[in-house]
Amino acid sequence: MITKILAALLMAASTYVPAHVQHHGAVAAPDGRYAADIRRTEYGIPHILAKDHGSLGYGYGYAFAQDNLCVMASWAITLRGERSRYFGPEAMSDDPARPAPNLVSDVYYKSIHASGVLRRVLAGTAPHGPSKELRALVDGYVAGYNRYLGDTGVDRLPDPTCRGKDWVGPITATDVWMNLLDLGQLAGSSQFKEAIVGAEEGDEQERGPAPGSNGWALGREATRSGHGMLLADPHFPWNGIRRFYQVQLTIPGVLDVSGGSLYGTPLVQIGHNASLAWTHTVSHAQRFTLFKLDLVKGDRTSYLVDGRAEPMGRQEVTVTTRDSVVTRTLYTSRYGPVLAEGWSDESAFALADVNAANLRFADEWLAMAAARDVAGLREAQETYQGMPFVYTLATDVAGTAYFADASAVPHVTDAQAERCVKQTMGEAYVLDGSTSACLWGSDPDAVEPGIFGPARQPRMIRADYVANANASPWLTNPEAPLSDYPRIYGNVRKQLDLRTRVGLDMIDANRPFTLEKLQSTATGKRNLSAEIARADLMALCRAEPVLTASDGRRVKVRPACKVLARWDAHARLDSEGAVLWREFFTGLDRPSPEGEPQPNIWWRVKFDPERPLTTPRGLDRNQPVVSLALADAVQFFQDNRIPYTLTPAQAQRYGSVPLPGCTEGEGCFDRVRMRGPLGADGRYPEVDTGSSFMMAVELTPRGPRGRTVLTYSLSANPASPHHADQTVLFSRGQWVTERFTEAEIKADPRLTTTTLRG
């Protein structure tokens with residue numbers, strides 16, 4: 001079973017702080033009063049103005065609670081391991097990326113609390129533990145959130161989702177720190193809840209929408225103005241705690257940053273200040289390794305290292321459900337938790353997560369927000385070395401474009417992999433746990449042992465551009481391929497996905513950029529698969545107007561092909577044929593009759609590593625899967641009386657808002673994804689992931705010019721006026737003109753101000 005779980009999960013020495021990277025500015029005194037102003041501009045976007053970090057957190061926590069208290073209240077119950085008590089042990093948790101039965105979720109999170117890892121990290125000093133500024137920010141955030149809840153009362157909350165519920169209450173600093181710790185483990189331990197705890201038969205769940213992103217950092221040679229521009233297009237879940245919240249955080253003379261902040265975190269993760277902008281995309285690097293343990297004969301709870309027996313640690317975890325108390329026993333090793341799955345009399349597997357005790361990224365984001373240019377951002381990253389699972393792309397007013405996988409990556413060199421990898425599952429290494437020689441290594445410039453230092457990380461500085469769409473670092477800029485990095489960071493000379501290819505083509509076709517061209521290019525809704533394969537499909541239609549479907553029925557495909565021939569090869573709201581194409585093209589990716597995957601066999605021109613931007617392409621009409629996919633798609637439309645002209649506006653929605661866009665598998669840049677197939681009514685399940693916080697910004701000597709759109713809007717509260725207002729903009733391809741300077745904020749005729757003292 002361990003192989004099945006991993007396959008599903010993986011498809012998808014200096015420690016000083018340089019003076020110029022240290023945080024500056026007042027930190028709220030222990031007995032000082034909080035003071036903050038919440039200025040809201042159009043679409044409810046909050047701009048928090050405060051005198052110090054504690055007050056900044058206070059204003060932010062209050063504003064966030066006004067819009068999204070119910071989401072955080074539910075998540076706090078999850079992080080405490082109390083979902084079974086309130087919602088029952090068998091109901092599913094509210095984790096948008098990896099939902100699990102509540103009992104599994106509760107055991108997992110209670111085991112983290114019991115391990116003491118958070119207590120140990122918080123006891124450290126920066127950069128290993130949080131700085132005093134970050135601690136003040138978290139404490140203020142908690143106080144502001146609780147102030148709103150206390151002022152409003154549970155029974156008078158505006159959101160019907162949690163109004164009057166017995167599980168709603170104040171949050172603690174521990175809840176916020178746990179949320180940050182869990183965010184860091186998003187690509188590691190958090191994905192292994194069932195494997196660590198041990199799922200009951202039938203409990204294994206489908207993985208939620210996988211986070212991804214597009215990011216472009218344009219340098220002076222790629223822009224009309226000669227200044228830096230940035231496109232941020234993270235693809236995170238549209239529901240739950242991993243949504244972005246748009247905010248500006250200002251301490252005059254200390255910090256002034258605007259952008260997207262993940263729910264429950266008092267920091268901007270993707271954003272800009274007056275002279276620097278940055279974004280992130282999910283990295284290809286591995287965040288964990290498994291270690292295969294050789295168990296002591298006759299003792300399934302001891303394992304051998306260098307010929308000596310080591311007993312496993314034993315952890316008893318107790319969870320209170322609605323009507324009982326459940327105790328589970330978990331085991332740990334020197335490497336990390338021992339998985340309950342895949343255990344035999346001879347061997348077991350332990351999970352080593354590079355982010356198991358990492359909160360450094362929070363201070364790193366705080367330092368990046370205060371940096372003035374790319375050099376300052378690099379200094380912040382080299383100081384903390386904590387990015388959990390993302391690449392960084394940045395640019396500044398001088399037009400310097402920067403890319404790095406500055407994230408925490410297990411220190412497994414290629415030579416060590418050759419020596420120690422017992423097997424691979426997906427791209428993940430399974431190392432030999434029977435010898436200490438296979439422990440993660442260390443670099444002299446690494447802030448902590450077990451990770452690669454900055455000198456080994458894939459990095460690039462350019463004057464034209466850097467770009468990434470969750471591919472490996474290899475073709476960050478095709479004019480200067482990156483290849484000199486350990487394999488654990490990602491592959492080289494391997495086939496690119498279509499979303500990466502269309503993004504690089506969009507840059508090449510549209511340079512030099514203006515801000516307006518950057519906006520229109522990012523939301524152009526091109527479908528690359530249609531551009532490179534439709535002609536061959538039309539030839540098949542002409543040659544064989546009647547095809548045989550998988551069930552043996554003969555299907556007339558010519559009327560459908562006429563619609564596809566007229567289609568504009570985009571996924572705009574009114575693009576007739578876009579959905580029909582999706583059903584055909586995604587139908588190519590089906591198992592063989594023997595049940596084995598048969599990826600890419602349909603391409604007429606196969607992948608050539610010497611031509612990675614133009615191969616593969618075309619359809620091989622001699623492959624039976626091509627005619628089967630077309631016949632099956634047309635048959636489904638016919639049987640359910642769905643018009644071949646079905647448009648994205650008719651087929652996909654978020655709430656009541658029709659949405660454009662298509663999937664990354666088709667080669668769409670600003671993607672959408674639905675959890676489930678097209679229904680007999682011609683509708684997909686609701687969109688649950690895709691472009692989330694889109695930001696296009698130009699950095700000029702006179703200040704930043706920004707355009708943003710928060711695709712699912714600011715508030716999860718269905719009764720809020722800001723529940724779907726930006727979603728309507730996104731549907732129409734429109735953006736919000738950002739208000740960053742004091743003059744821009746004060747000029748908004750819709751400006752409201754809430755002054756807080758506490």
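User: Which strands form a hairpin with glycine 336 in the turn?
Analyst: In this predicted model, local features need pLDDT of at least 70 and side-chain atom pairs count only at pLDDT 80 or more, while totals for chains, interfaces and linings use all residues. Residues are numbered from 1 along each chain as its sequence is written, and side-chain values use heavy atoms, with hydrogens and water left out. Helices (H or I, at least four residues) and strands (E, at least two) are DSSP runs numbered from the N terminus, and two strands pair if DSSP finds at least two bridges between them. Here S13 and S14 form the hairpin, with 4 residues between them. Glycine 336 in its turn has a positive phi of about 150°. The two strands run antiparallel and are joined by 2 bridges, with threonine 332 opposite proline 337 in S14.

User: How many bridges pair S12 with S13, and in which sense?
Analyst: S12 and S13 pair over 8 bridges in the antiparallel sense. A hairpin through 4 residues joins them, and threonine 320 stands opposite valine 325 in S13.

User: Which elements each supply at least two residues of the lining of the second largest pocket?
Analyst: Rolling a probe the size of a water molecule over the atoms shows where empty space is left. On a 1 Å grid over the protein atoms alone, a cavity is a set of points where a 1.4 Å probe fits but cannot get out, and a pocket is an open set with protein on both sides within 12 Å along at least five of seven lines; lining residues have an atom within 4 Å of a point. Grid points are joined across faces, edges and corners, and a volume is the space filled by probe spheres set on the points.
Analyst: For the second largest pocket, these elements are helix H4 (102–115), helix H5 (117–122), strand S12 (313–320), strand S13 (325–332) and strand S15 (347–353). H4 gives the most, with 4 residues. The pocket holds about 820 Å³ of space. Of its 38 lining residues, Tyr335, Gly336, Pro337, Asp353 and Ala356 lie nearest its centre. Ala, Val, Leu, Ile, Met, Phe, Trp, Tyr, Cys and Pro count as nonpolar, Asp, Glu, Lys and Arg as charged, and the others, Gly among them, as polar. By these classes, the lining has 19 nonpolar, 13 polar and 6 charged residues.

User: Which residues lie nearest the centre of the largest cavity?
Analyst: They are Phe236, His280, Trp365, Phe389 and Val390, out of 15 lining residues. Strand S4 (229–237) and strand S8 (276–282) are the elements that give two or more residues to this lining, and S8 provides the largest share, 3 residues. The cavity contains about 120 Å³ of space. Its lining has 11 nonpolar, 4 polar and no charged residues.

User: What is the order of the strands in the open sheet of 10 strands?
Analyst: In a regular strand the side chains alternate between the two faces of the sheet. The order here is S20-S17-S16-S8-S7-S6-S5-S2-S1-S33, with mixed pairing. Strand S20 (459–462) and strand S33 (752–757) stand at the edges with a single partner strand each, so one side of each has no neighbour in the sheet. Within the sheet, S16 (residues 390–396) and S17 (residues 401–404) run antiparallel and are joined by 4 bridges; threonine 392 stands opposite alanine 404 in S17.
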